[in-house]
Amino acid sequence: MMIGIDKMGFATPKYQLKMADLAQARGVDPNKYSEGLLLDALSIAPITEDIITLAASAAQDILTEEDKAAIDMVIVATESSVDQSKAAAVYVHSLLDIQPFARSFEVKEACYSATAALNYAKLHVEKSPQSRVLVLASDIAKYGIGSAGESTQGAGSLAMLITSNPRLLAFQDDNVAQTRDIMDFWRPNYSETPFVNGMYSTKQYLDSLTTTWAEYQKRSGKELTDFAAFCFHLPFPKLALKGLNKLINKGISEEKKEQLLDNFAHSITYSKQVGNIYTGSLYLGLLSLLENAKTLKAGDQIGLFSYGSGAVSEIFSLKLMPDFDQQLQTQRQASLDQRQTLTVAQYETLFFEETKLDETGSREFAHYASNAFRLTGIKEHQRQYSKVSRNDN
Ligand code: CAA
């Protein structure tokens, strides 16, 4: 029995910041961002958009009523959680009206956690082939104004429906993971923004890639030539390109190299415009590849490198199913283009707006453009959500 990803959905905030504008405001050469990081724009979330509204909107994009009646597990993977106790998945389950006899919970290990969630979903469907599991990778990446990481922020959510006999991609049971206890990026409970050893984190990313890849090759017997494309965790696309170049060895044909580099370019198309969405970024790369590459065909294998600071990494592969192209959208670029462009001053106000509650623990938020759901406020310390109607933006 094959198990895999049946459908993928994506949501990102309705606002963007152009990197050229940020460069000018910070007195940086714009080529540093466009060429040095391979970034053109970042998605910016207003206070009414959080990991829950983004996750529910990404799922709303793909789920049918039949799916909602069959889903028996909802997993939200995130490192920008809104509550230390209540799982974001419980809110999402409610917003989407999923049938009640489901397990809903949240998982964490920096940008790696969505990969762990997919593994758990696969085990569940293996035991219970009629089940459908909704995996959501949802994050808002915020480093702070003027910080070194400011250029690698972003926000967005990927929704993946895991089923038996998937129509999009099948798991191939070849996963190899690695854990190493390091301090490259972390966010203690008392801090709104992460602590980062930037240069060290990029070295750890690349070293985790090459060492996990060596072990993966040893255990699976696969070579780079077995893959039509390789997708990477994308904190910023340039780092992933460095990663791909480390895997491309001298023995590889020019034709294969060209295919891998061409497909890599398709895999970063969306992230270049959205920025880092932490645990969803690998899967945004996968979606971008599928929706933009022209030469992929059924049976092709796609390699994936997942990396979460701290650090856990994993390499595994997926196989494209027959008719996979019928599961894909064609309107994605148009909706990215429709995002409202913010000035740097507007971005600073919007992205870093703080929740100032009154003495009852309440506050209503101002109106901002949102996806399918909106955080309207907080009432006696309880988050209040509503569905966004068509004329509401
Ligand atoms: N024209 C073209 N390129 C230029 C340039 C110019 N005028 N000026 C600089 N560059 C290039 C630099 O040469 C460099 O490229 P190379 O690495 O290939 O040499 C690139 O632009 C970036 O320049 P710097 O290294 O000087 O940039 P920085 O000091 O601003 O730091 C960063 C970059 C470390 C990534 C920083 O943005 C950061 O700390 N980001 C957050 C941490 C992060 O994303 N780490 C990634 C691994 S950890 C992870 O993967 C988990 C996660 O999601 C966070």
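1. The ligand sits in the second largest pocket. For the pocket search, a 1 Å grid was laid over the protein atoms alone, and a pocket is an open set of points with protein on both sides within 12 Å along at least five of seven lines. A molecule sits in one if more than half of its atoms lie within 2 Å of its grid points.

2. Before you go on: this is a predicted model, where local features need pLDDT of at least 70, side-chain atom pairs count only at pLDDT 80 or more, and totals for chains, interfaces and linings use all residues. Residues are numbered from 1 along each chain as its sequence is written, and side-chain values use heavy atoms, with hydrogens and water left out.

3. Domain 1 (3-169 + 330-392) and domain 2 (171-322) both give residues to the shell, so the ligand lies between them; the bounds come from an automatic or database domain assignment.

4. There are 27 residues around the ligand, and Asp 29, Lys 32, Ser 201, His 233 and Lys 242 come nearest (near means a heavy atom within 4 Å).

5. Now the polar contacts (pairs of N or O atoms within 3.5 Å). An N or O atom in the side chain of Lys 242 is 2.6 Å from a ligand oxygen. For a polar side-chain atom of Lys 32, the distance to a ligand oxygen is 3.0 Å.

6. Two backbone spots deserve a look. Gly 310 and Ala 311 are joined by a cis peptide bond, with omega about 10°. Leu 38, not a glycine, has a positive phi of about 65°. For context, most residues other than glycine have a negative phi, and most peptide bonds are trans.

Definitions and conventions. Polar contact = N/O pair within 3.5 Å; in protein donor to acceptor, adjacent residues only side chain to side chain. 1 Å grid on protein atoms, 1.4 Å probe; cavity = no way out; pocket = protein on both sides within 12 Å on 5 of 7 lines; lining within 4 Å.
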